[in-house]
Amino acid sequence: MASESIRLRASGAVARRQLVSRVSRYFFLAATVLGVSILVFLGYDTIVSGASRLSLDFLTNYPSRFAEKAGLRPAVYGTFWLMLITVFSSIPVAIGTAIWIEEFAPRNRVLTIVKINLANLAGVPSIIYGILGLTIFVRFYGMDRSLLAGGFTLALMIIPMTVITSQEAIRQVPPSLRDGALALGATRWQAVRHNVLPNAMPGIITGTILAISRAVGETAALIMIGGFTFIRFDPGPNLADFADPAGFWAGLQESFTIIPIQIYAWTIDSRREFQANASAGIIVLMTGVMALNLLAALIRERFRRN
Amino acid sequence: MRELMAEFRKSVTLPRPERPRRALTPDATAAESVQPRDPIRQPPGETVFRLQDVGLWYGTKHAISDISLDIPVNRVTALIGPSGCGKSSLLRCLNRMNDLIPTARVEGRVEYHGADIYDHSVDPVEVRRRIGMVFQKPNPFPKSIQDNVVFGAKVNGIEGDSGEIAEHALRQAALWDEVKNDLKMSGLDLSGGQQQRLCIARALAVQPDVILMDEPCSALDPIATLKIEDLIRELVKEYTIIIVTHNMQQAARVSDYTAFLLAQEHGLNGTLIEYGPTNEIFTQPREQRTEDYITGRFG
């Protein structure tokens, strides 16, 4: 019997589909190259214009009328304390909310509304949070334009985001662990405390760090609150204040500035030489944000291996 | 098409036979007074659970209807039936695990040593620490073997040395010799069969009275299965065991009593078709459907 040879070369419809597939590949490659190259160019441009200003003095000097003497010192202190306040005031609320929603809340319409609102709140422009913070903390609670008011405002801003990522992390814990604990006579809280939270922790920590790295770069909300741009002291408690609660408290109520606001101020300065300061400030801020993201990745990897 | 099917079903559905009212007290005289051909034969002697007309709803979905069943003490009772017949749901009614499903609603009475476990005053945590459970898929906690075993005892405030609690429970679960040198190892690093025995040990450490097993061997190979079955026969000397199984041979091998459930019966979901001593169910079933199922004609 003569065997008919089978044609296995692409032809007809198969050839057309393959062509589309090959072309699409280049389209996606182009999209990636475009995005990445813009980023690389921005980074390169920033480094070129700011590198000359980078030095230890740049981090430890106060702002100045002279570009080459101006530094980030108050902004670095301000950013540090602001983040500390933000973290400590937002995390308990955010994780608590996530636990309530995922583990305790009755599954009803109210919960659905709460969830939808959280998702919406995470997308609200930050300046709105600034107005809210101005109204509530600065005016109503009379905190004035202080670190506390700023920290709480940023906390409000990142809470929805942190709640959502924490919820996600809690949902990733296999239900079999929860059921296993409950079937052994654990209470709901014991199951959460011993089985759900330890396993959700990497996700929660990662989500929190990413939220913080967003807050670090926040400008609009804090301009609204009144983060001063030209202050010649170190905002926040000094080393000596750690032994003195009253002094510590007073330190938290000092006015402040932060790195992004300082960058903004230098950018809009009409004098050309301040542009280099702005670029150098961006490098400092970017390094900080990247360090935070790296930390988040490391934590995630570490827990994944365990 | 759908109407046609409904018509067809109606035409083949037999009228529901009148079933004599069963005596709920399973003492000897009552047992004799029941008609000899009644497919539901409640066991004589002491019972742990007494189910009366138990029904279960998931929202508007009816999962179990009108199940009345007595579970004898220190015996293995097997729940068998095709997928979706409600046997796992029934098992989860017994330690109130269905409470965790927001839409679940239980009807009827589930008495545990005479107390209705669905009474308002009953705390599900009290129920669950007396009635342990082993799940279909081994679910050790991502902790060390020792911490796995001791977890239940710790959350229940059982006093004692962790090492002793762990050793005792692991010996009971016939796992001690295999893991005694690796108690710090993660429970997840054990084989599937060992994990399941770890879960049994974990349940035993809480000092329960009853152990519910939901297809405990379905994820295991035949050798691991055999070990669990031997263990069940050993444990039943001290505990009451209720096991859901897909495996007919397993029910025949390990159980003393067998309940056969079907998903659809007379328009009701999850009903008890036949119940009685395992050897009778498997050698001389009183219901044709039981015979069809255990001989593999359907399901």
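A crossing of two helices is left-handed if the near helix is turned anticlockwise from the far one by less than a right angle, and right-handed if it is turned clockwise. I note at the outset that the model is predicted.

**Entry 1: two helices of chain A**

I looked up helix H6 (residues 147-172) and helix H8 (residues 188-216) of chain A, whose axes come within 8 Å and cross at roughly 150°. Angles over 145 degrees count as roughly antiparallel, and therefore H6(A) is roughly antiparallel to H8(A). I recorded the crossing of H6(A) and H8(A) as right-handed.

I then listed the residues that meet. On the H6(A) side they include A:Leu154, A:Met157, A:Ile158 and A:Met161. On the H8(A) side, A:Val196, A:Ala200, A:Gly203 and A:Ile204 are among them. By class, I found eleven nonpolar, seven polar and two charged residues in this contact.

**Entry 2: the contact between the chains**

I next turned to chains A and B. Their contact takes 15 residues from chain A and 21 residues from chain B. On the chain B side, the elements that give two or more residues are helix H4 (124-130), strand E6 (131-134), helix H5 (145-155) and helix H8 (192-204) of chain B. I classed the residues on this side of chain B as twelve nonpolar, five polar and four charged.

**Entry 3: a single residue**

Finally, I looked up A:Val93, which lies in helix H3 (residues 73-104) of chain A. Is A:Val93 buried, exposed or partly exposed? A:Val93 counts as partly exposed because it has 14 C-beta neighbours inside 10 Å. From C-alpha to C-alpha, A:Val93 and A:Glu103 are 15 Å apart in space, and they are ten residues apart in sequence.

Conventions
Residues numbered from 1 in each chain as written. Chains lettered and ligands numbered in written order. Predicted model: local features only at pLDDT ≥ 70, side-chain atom pairs only at ≥ 80, totals over all residues. Contact = placed C-beta atoms within 7 Å. Helix = DSSP H or I, 4+ residues; strand = E, 2+ residues; numbered from the N terminus. Nonpolar A, V, L, I, M, F, W, Y, C, P; charged D, E, K, R; others polar. Axes fitted to C-alpha atoms, helices over the stretch in contact; angles between N-to-C directions. Parallel < 35°, antiparallel > 145°, perpendicular 65-115°, else oblique. Buried ≥ 20, exposed ≤ 12 C-beta atoms within 10 Å, placed from the backbone.
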